Amino acid sequence: KMASASGAGSAAALWSEVNRCGQNGDFARALKSVNKILQISKDDVTALQCKVVCLIQNGNFKEALSVINTHTKVLTSDVIAFEKAYCEYRLNRIENALKTIQSASQQTDKLKELYGQVLYRLERYDDCLAAYRDLIRNSQDEYEEERKTNLSAVVAAQSTWEKVMPEDLGLREATYELCYNSACALIGQGKLNEAMKKLQKAEELCRQSLSEDSDVTEEDIEAELAIIHGQMAYIMQLQGRTEDALQLYNQIIKLKPTDVGLLAVIANNIITINKDQNVFDSKKKVKLTNAEGVEHKLSKKQLQAIEFNKALLAMYTNQADQCRKLSASLQSQSPEHLLPVLIQAAQLCREKQHAKAVALLQDFADQHPANAAEIKLTMAQLKIAQGSITKACMILRSIEELQHKPGMVSALVTMYSHEEDIDSAIEVFTQAIQWYQQFQARTNYSCCVFQPKSPVHLSLIREAANFKLKHGRKKEAISDLEELWKQNPKDVHTLAQLISAYSLVDPEKAKVLSKHLPSSDTMSLKVDVDALENSHGATYVRKKAGKLTGDSQQKEQGQGDVKKKKKKKKGKLPKNYDPKVTPDPERWLPMRERSYYRGRKKGKKKDQVGKGTQGSTTAGSSELDASKTASSPPTSPRPGSAAAVSATSNVIPPRHQKPAGAPATKKKQQQKKKKGAKGGW
């Protein structure tokens, strides 16, 4: 009895110690006291709960979860559901945390708060939005501002990742977090200028709120502003201000923020700016995207974008195997996504394997018909690059959903014209016009109301007619023009084209149609002649006309006069010209062809080379010794000799060589310098 009484007394003292440490926030010391209590009573539910809480407060989530799992009989889900779910959430076991919350018998406010966080991490934004709305509606405490911030973050995520038009929540943007989330929602809608203004407001509010705390330094403020500045740089990048964006991105990296998610996003954005340039910088930046914990900080689409850029960087740095490995992994994760297969095709093209690239794209198009259009456009581009225009046209014409589009029709007609296949070009026009006619018929039938033909349809007919006229298909063009004229009998331009076409085929028909042209009286326009004459263009024309009329009047007046010859400019005479001396009549002939040419004078030493008896030498023979001249390099230099000439055309061109006398003058200058120098070697 005495032993049990002393044990109870020590336990009470330990509990008071736990309570005191808990109030002071000293959870490490509280944990020691709880462990002593558990030595006295190992299955004490309250002590076990306190131990779990102390471990969570100290950041030991694994140990806390281990305690919960080893005492499942005592710590039931009703007792410890929140703590267990929170540990799983912090350990990034999000699916397990969701199951724990859903299996709890009673949904407390704490569990609902955690439920909202879990749904956000799972990117179930609709459910998350409903959960936070319920929390805000049914709770009144000091955490209302935080809940509104989380609610705005959900709306921003929907706008950014799901392209959902955000609804107006009526939140008063009194904090920089709310302003920041509102800016993110605007970016998702493409309202970049408005988003930039919101971010500037968020920056101002952040500085105001943090500067009120005397313990916060300027470095702390800059660290907090890093995420706002990062979003500003992203807007600059979207607006095409890449230099400004790059400068701001690098400033953030220099601050070395602790948020690995922010660093990964900034590094990825810098890589996208670099593209295939500055790859060494990109290889450095890509390391920031591989930091530990990045996968838990970013959304699935952000992580996917980073992986795509890694594959592209591997391609740009000629790491073919790495590029194939990354793109294959991405394709296995997202089989229907276009980018992995496009990266693989691009890598094959870099390796000059165009046939394999086209086959790869064709297989993907067959397996995923929904994405076939974009893939076939890429295949056609590859065929055009290879010079196979006709095959490219066949691929483009196989895209049924794009056959009738004006852009596709224009591209096909241009390509067929390049190949001089006029029949196929006309067939493209015909099929597109027929598609619009059938579509119009279906629309009229379903609506039971007559509707005028679409402007696209009529413009296609007009373009077809013009094309046929250009290539001599007059009869076919006439049928198109008649169709256009029937649709709009008041169209004078079409009627004029029709008359012009008939004049080449059936002049009588052209005369009949010309009667439908409006008379000159009906075509007169109400024009203010005075205003037209006083306009800037008319003044210029009038001045020119005045000059022309003046010239014509002078010509008319002097019709009887003899036309004056234009004065020829005097030619330039040579400097030694003497008017008293008669010029040489043979001065235009080359010297050798003139009658008085007697050849070059004899008697010079250089003309005596090779003359005289065999074996005799002349006084100038030493000058002919090539080995004694300083300017001629050796014909076969020794290995490592300075006179050797490389094969990369480093030889100085003849017009840049110095004259033969230059070395001598250089020696004289050196001798003068030596005379004037003090001291010596």
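Predicted model: local features only at pLDDT ≥ 70, side-chain atom pairs only at ≥ 80, totals over all residues.
Biologist: Why are H21 and H22 called roughly antiparallel?

Modeller: H21 (residues 389-397) and H22 (residues 406-418) pack at an angle of about 155 degrees, with their axes 10 Å apart. Angles over 145 degrees count as roughly antiparallel (under 35 as roughly parallel, 65 to 115 as roughly perpendicular, the rest as oblique), and H21 and H22 are therefore roughly antiparallel to each other.

Biologist: Which residues make the contact between H21 and H22?

Modeller: H21 contributes Ile389, Ala392, Cys393, Leu396 and Arg397, and H22 contributes Met408, Leu412, Met415, Tyr416 and His418; contact means heavy atoms within 4.5 Å. By class, this contact has eight nonpolar, one polar and one charged residues.

Biologist: How do you know that H18 and H19 are roughly antiparallel?

Modeller: The axes of H18 (residues 338-350) and H19 (residues 354-367) come within 7 Å and cross at roughly 165 degrees. H18 and H19 are therefore roughly antiparallel to each other. Their crossing is right-handed. On the H18 side, the contact includes Leu338, Val341 and Leu342, and on the H19 side it includes His354, Lys356 and Ala357. The residues of this contact divide into 10 nonpolar, two polar and one charged.

Biologist: Why is the pair of Glu17 and Arg29 called a salt bridge?

Modeller: The side chains of Glu17 and Arg29 meet at 3.3 Å, N to O. A salt bridge requires a side-chain nitrogen of Lys or Arg within 4 Å of a carboxyl oxygen of Asp or Glu, so the pair qualifies. Glu17 lies in helix H1 (residues 2-24) and Arg29 in helix H2 (residues 27-40), so the pair ties together parts that are 12 residues apart in sequence. By this rule the count comes to 19 salt bridges.

Biologist: Which helices hold Arg207 and Glu222?

Modeller: The side chains of Arg207 and Glu222 meet in a salt bridge of 3.1 Å, N to O. Arg207 is in helix H11 (residues 192-211) and Glu222 in helix H12 (residues 218-238), so this pair links distant parts of the chain, 15 residues apart. Arg207, with a relative accessible area of 30%, is partly exposed. Glu203, Arg207, Glu218 and Glu222 are linked in a network of salt bridges.

Biologist: How do you know that Ser299 is buried?

Modeller: Ser299 has 9% relative accessibility and therefore counts as buried. Ser299 is placed in the loop between helix H15 (279-285) and helix H16 (300-316). Leaving aside its neighbours within four places in sequence, Ser299 is in contact with Glu123 and Trp161.

Key: Residues numbered from 1 in each chain as written. Heavy atoms only, no water. Axes fitted to C-alpha atoms, helices over the stretch in contact; angles between N-to-C directions. Helix = DSSP H or I, 4+ residues; strand = E, 2+ residues; numbered from the N terminus. Nonpolar A, V, L, I, M, F, W, Y, C, P; charged D, E, K, R; others polar. Left-handed = near helix turned anticlockwise from the far one by under 90°. Buried < 20%, exposed > 50% of the residue type's maximum accessible area, 1.4 Å probe, protein only.
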